[in-house]
Amino acid sequence: IVCAVFLICWGDSALAADCPIKIGGLAPLSAPGSVTGGEAMRDAMNIAVDEINTHGGVLGCEVKLIIADTEGLPEKGIAVMEKLISQDNVVAVGGGYHSSVGVAAGQIAHNRGVPVVFAETWSDEITSSKLPEVFRIAPLSSEVADFQSKFATTVPGNKKVAMIVENTDFGRPNAEASVKVLEKAGIKSVMFTVDIGTQDFAGIIERMKAQSPDMIFVILTGEASYNFVQQAADAGIGPQDVPMLCDQIALESKAYWINVPDGNHGFMMRVGLPPQLYNDVARSFLESYKKKTGKNVPESYAFEAYDSIRIIMQAIREAGRTDAEAIISALEKIKYEGALGTITFPYNRSNPPEKSNMDAKWWHQFPEPAVTMVQYQKSGQDSTEAPVVYPQKYKTGEPVFVK
């Protein structure tokens, strides 16, 4: 048995499964999905499988990853999940970016009895439905909404927040939860809703500008968020004019500055530990990701995609076989040391959330993903060099509040 630096031994001398072991991976690789994010997730999942196969595979078998393009659309997510299970015969699925896709694809995983570990789907509904097959390592949308709204209370003179909201299972719940937190803090909010894939925001921006907001939340996914931020900047309410929380795809620095040249001072949330707190797994993945992509650091959804595949592989090895019930049982008991930290799923069939007076959303949910707020403070700055400005325990610099 050969052990990698990150302390997982993948090889096994006895065959205990049909070879190769097939794993599915979901990623938005076409519009209107977040193509940049999907490509990052694809690269990360391939790195995970390459590492596993280099160190002997799992249960004596090579692992084969089959990546499916969800296009960021629920109906496409349903179709590709059906194909992965019924035609490609995968034993489990990782990845996933858009919440609306996760809600739809998770139901197919349940109907077909195949475990899925979602990487970057935030909607509370994905876990609150308590499907036995569905696990998640991304943060909950309601928890993220609480985080971003509490950050908004630190913005000096903030009395009104305007939100541009994607009309999806990600956008609506996030905005609604944010409104509740803001209201408790005495901050008014106004919401503008658009369909996924909207590219021209001129009319909405004029209406938003008329509201004279003290802060703007961009609750959009993918490249559409770039268009909104730059169009807002052109209209005089961009990040250099009004404190603006951008979509996390702003972490893709090269693409961000090409598409949003007036995006300095934009804030964005980053899932995962700050670089100075990386563990051995994160540092190892960082080197592989840099070599494969040329990027200085993996984005949060790349970390999540990488871990979603590796945690499935660890569960299969610990189960000793590849049937769904064995994998699910192993995931419920797992303690996985990954790039995101130590991942467990403490609320499960043997310890349901209600037993601890916890909300159903914590079912099969990684309870402690680190979330930080970073800010670009120089034009052209790389997100790896942008300071962490919130929360206090991770803070590396003071925020710059414009206006």
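Cys246 counts as buried, because its relative accessibility is 5%; buried means under 20% relative accessible area, exposed over 50%, and partly exposed in between, with a 1.4 Å probe and protein chains only. The structure is a predicted model, in which local features need pLDDT of at least 70 and side-chain atom pairs count only at pLDDT 80 or more, while totals for chains, interfaces and linings use all residues. Residues are numbered from 1 along each chain as its sequence is written, and side-chain values use heavy atoms, with hydrogens and water left out.

Other cysteines take part in a disulfide, defined as a pair of cysteine sulfur atoms within 2.5 Å. Helices (H or I, at least four residues) and strands (E, at least two) are DSSP runs, numbered from the N terminus. The torsion about the S-S bond of Cys19 and Cys61 is about -70°, so the disulfide is left-handed. Cys19 counts as partly exposed because its relative accessibility is 44%, whereas Cys61, at 1%, counts as buried.

Strand E1 (residues 21–27) pairs with E2 in the parallel sense over seven bridges, where two strands pair if DSSP finds at least two bridges between them. Between E1 and E2 the chain passes through helix H1 (residues 35–54), and this β-α-β crossover is right-handed. A crossover is right-handed if, with the strands pointing away from the viewer, the path from the first strand over the helix to the second runs clockwise. Within the pairing, Leu26 stands opposite Ala68 in E2. Strand E2 (residues 63–69) has five of its seven residues buried, so it is largely enclosed by the rest of the structure.

A further unit of this kind is built from E6, H6 and E7, which make a right-handed β-α-β unit. Here E6 and strand E7 (residues 188–194) pair in the parallel sense over seven bridges, with Val165 opposite Thr193 in E7.

The interior comes next. In soluble globular proteins, nonpolar side chains tend to be buried together. A nonpolar core is a set of buried Ala, Val, Leu, Ile, Met, Phe, Trp, Tyr and Cys residues joined through side-chain atoms within 4.5 Å. The largest nonpolar core has 87 residues, and those with the most contacts inside it are Ile23, Ile164, Phe228 and Ile316. Its largest share, eleven residues, comes from helix H11 (residues 300–319). Apart from this core lies another, of 26 residues, among them Val161, Met163, Ile219 and Met269.

Contact means heavy atoms within 4.5 Å. Leaving aside neighbours within four places in sequence, Ile316 is in contact with residues including Ile21, Ile23, Val58 and Leu59. Ala305 is placed in helix H11 and is buried, because its relative accessible area is 0%. With neighbours within four places in sequence again set aside, Ala305 is in contact with Met41, Ala44, Met45 and Ala119.

Two further helices show how buried residues are covered. In helix H8 (residues 224–234), eight of the eleven residues are buried, so the helix is largely enclosed by the rest of the structure. Among the buried residues of H8 are Tyr226, Phe228 and Val229, and what covers the buried residues includes strand E6 (160–166), helix H7 (202–210), E8, E9 and helix H9 (253–259). Just after H8, Gly236 takes a positive phi of about 90°.

Helix H5 (residues 141–152) has twelve residues and reaches 16 Å from its first C-alpha to its last, close to the 16 Å expected at 1.5 Å a residue. The expected span is 1.5 Å times one less than the number of residues. Nine of the twelve residues of H5 are buried, so H5 is largely enclosed by the rest of the structure. Its buried residues pack against helix H6 (171–184), strand E8 (215–219), strand E9 (244–245), strand E10 (267–271), E13 and E14.

The loop between strand E13 (371–375) and strand E14 (388–390) holds Ser383, which counts as buried because its relative accessibility is 4%. Leaving aside neighbours within four places in sequence, Ser383 is in contact with Leu251, Ser253, Arg270 and Tyr376.
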